[in-house]
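Subject: Structure handover

Hello,

Here is the structure we talked about. Please open it first, then read the notes below.

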Amino acid sequence: MKPSAGRRPIYMDHAATTPVDPLAAQAMAGCLTADGVFGNPASAGHAWGDAAAFRVDSARRQVAALANADPAGVIWTSGATESINLAVLGVVRFAMARGRGRHVITARTEHSATLAACAQLEREGARVTYLVPGTDGAIPVQAVLDALRDDTVLVSLMHVNNETGVLHPVRETAAHLAEHPAVFHVDAAQSAAFLSLDVGWGVDLLSLSSHKFYGPKGVGALYVRHRPRLRLQPLMFGGDQEQGMRPGTLAVHQLVGMGEAAALVLQRRDADRWRLDGLTRRLEQGLLDLEGVVINGRAERAPHILNVSFIGVHGESLALALEGIGLSLGSACTSASATASHVLRAMGVADGLALASFRFSLGRWTREEDVDEVLARVATALAEQRRRTTVWADYRSGTPVADLYGTDAGEAAG
Amino acid sequence: MTGRAAWSAEVRRHFRLARGAGEPGPGGQRFGHGAAGAVSWGTQVRIGVTLDQAGHIVDLSWRCYGCPATQAACSWLAATVPRMHREQAAAVTATAMAEALALPAERLGPLIVVEDALRDALQSAGMND
């Protein structure tokens, strides 16, 4: 990236995307040119096609191993968005076409891919229950169970929220759903790199994204329960690749890159998890030492994501002051009117605080000195911004946070 | 969570300098204090101006809650209006600030709040005549 004002750029946006691991990139490069494995895996019967098919099968096993899944259930996609669409639309359209039900349970804090797919299903006649999280960001398992109906065909929840890092207890939810015919889909895009997953817990569908765990962009996977076979209505039609669920020539280099990245995750997942947990705690404590910092998502979290709001500053202005650090700002700010995050709004965070929220997400190559450098830069930028703002002056004069920002900000700020 | 706005060089310069930033307070013979906007609007500005006996601006200070364009506009005012007569300063518009800072039309909203706060401050100072 372009360095800013001579300062060392520090990337802390791994929840948005990760760099490709050099070993994965090397494996991909071996699948492109004439001296590599460039064949079409569907071209059975000659060496080039067979070599490609072998590499695809190998990658399929590597990705399946992430979730202790049967490789036969892995369907390649273009990424988590396609996986989620195929899961959500595929299950519910299949069920509705056969009169087996039309009710879906999901949460207001889900990724836009899930929410938009559910909105499309509503236009097609489905009924969707959107669960509301607590102020800590968690969706209680009991809320899922309370929303179940006889005609519920799908429960779709994310393992780790992409904005707050808050965990959903997948294993416990799956156990409770075991007696209900509803299909359980888990969006594991943010969790695969760090958390143990096992579809044997009772997960019927699992969405994965390669570029969230040091694989290439443009490739993902949907695990579909293979025994007993779960049937979906495909989104696209064409050849018989991927059991007819996802036709089109397979991008061997992408799949091999994802497979290699998955294998690396399995080798180091526990070590990465504990190391990042320690670094994120260091970051969290350092930020909390600064006055007027609110943690968004105080429930149990994944080890790599920390979302905070800074009282007394405007998000866009603090973002500019922090240029050079790769962070996600909790608002869309490419125009004059900013929009607060739907996740934070669902948690009851006031718009003013949501617009001053930042997501720090650490990764495989984040070091302790990066965390300390970020803390130092945030402290400096925050102090300077607060010197300029009306809100901070009012806060220091004793105005309660709830009065500064309205609604339930006081509760959210704790 | 999305990308960030691209700011002009002038906005960046004034954002970095932040001329006049800090608590507005009585600093001279005649002091006026103005305010406009609200946190719920996304922009809130408080401006203090100090005038000399002849009605010329000696100093302008500000605090605001706003985007970089808002902060840059306040800084630009603090660099531009000192030595202007009060009536001349009252004629400074949001459009003039936008031109000086090379800001697009959609950023006029926060600058209008800055303009309102400036006029309020100048009027407040005039009431002490």
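Contact here means heavy atoms within 4.5 Å. Please keep in mind that this is a predicted model.

A:Phe213 belongs to the largest nonpolar core, which has 84 residues. A:Phe213 is among the residues with the most contacts inside that core, together with A:Trp76, A:Leu206, A:Leu283, A:Leu287, A:Phe310 and A:Phe360. Helix α7 of chain A (residues 252–288) gives the most to the core: 11 residues. Domain 1 (10–16 + 269–413) and domain 2 (22–266) of chain A both contribute residues, so the core lies between them.

Now the interface. Chain B puts 27 residues into the contact and chain A puts in 35 residues. About 2600 Å² is buried between the two chains, with carbon and sulfur atoms giving 52% of that area. There are 15 residue pairs in polar contact between chain B and chain A, both at pLDDT 80 or more. The salt bridges between the chains number 3. A:Glu323 and B:Arg12 form a salt bridge through their side chains, at 2.7 Å, N to O.

On the side of chain B that touches chain A, α1 (9–17), β2 (43–51), β3 (57–65) and α2 (68–80) of chain B each supply at least two residues. The largest share of that side comes from β3(B), with 4 residues.

Best wishes

Notes
Residues are numbered from 1 along each chain as its sequence is written. Chains are lettered from A and ligands numbered from 1 in the order in which they are written. This is a predicted model: local features need pLDDT of at least 70, side-chain atom pairs count only at pLDDT 80 or more; totals for chains, interfaces and linings use all residues. Side-chain values use heavy atoms; hydrogens and water are left out. A nonpolar core is a set of buried Ala, Val, Leu, Ile, Met, Phe, Trp, Tyr and Cys residues joined through side-chain atoms within 4.5 Å. Buried means under 20% relative accessible area, exposed over 50%, partly exposed in between (1.4 Å probe, protein chains only). Domain bounds come from an automatic or database domain assignment. Buried area is the accessible area (1.4 Å probe) that two parts lose on being put together, summed over both. A salt bridge is a side-chain nitrogen of Lys or Arg within 4 Å of a carboxyl oxygen of Asp or Glu. A polar contact is a pair of N or O atoms within 3.5 Å; within protein, one must be able to donate a hydrogen and the other to accept it, and residues adjacent in sequence count only if both atoms are side-chain atoms.
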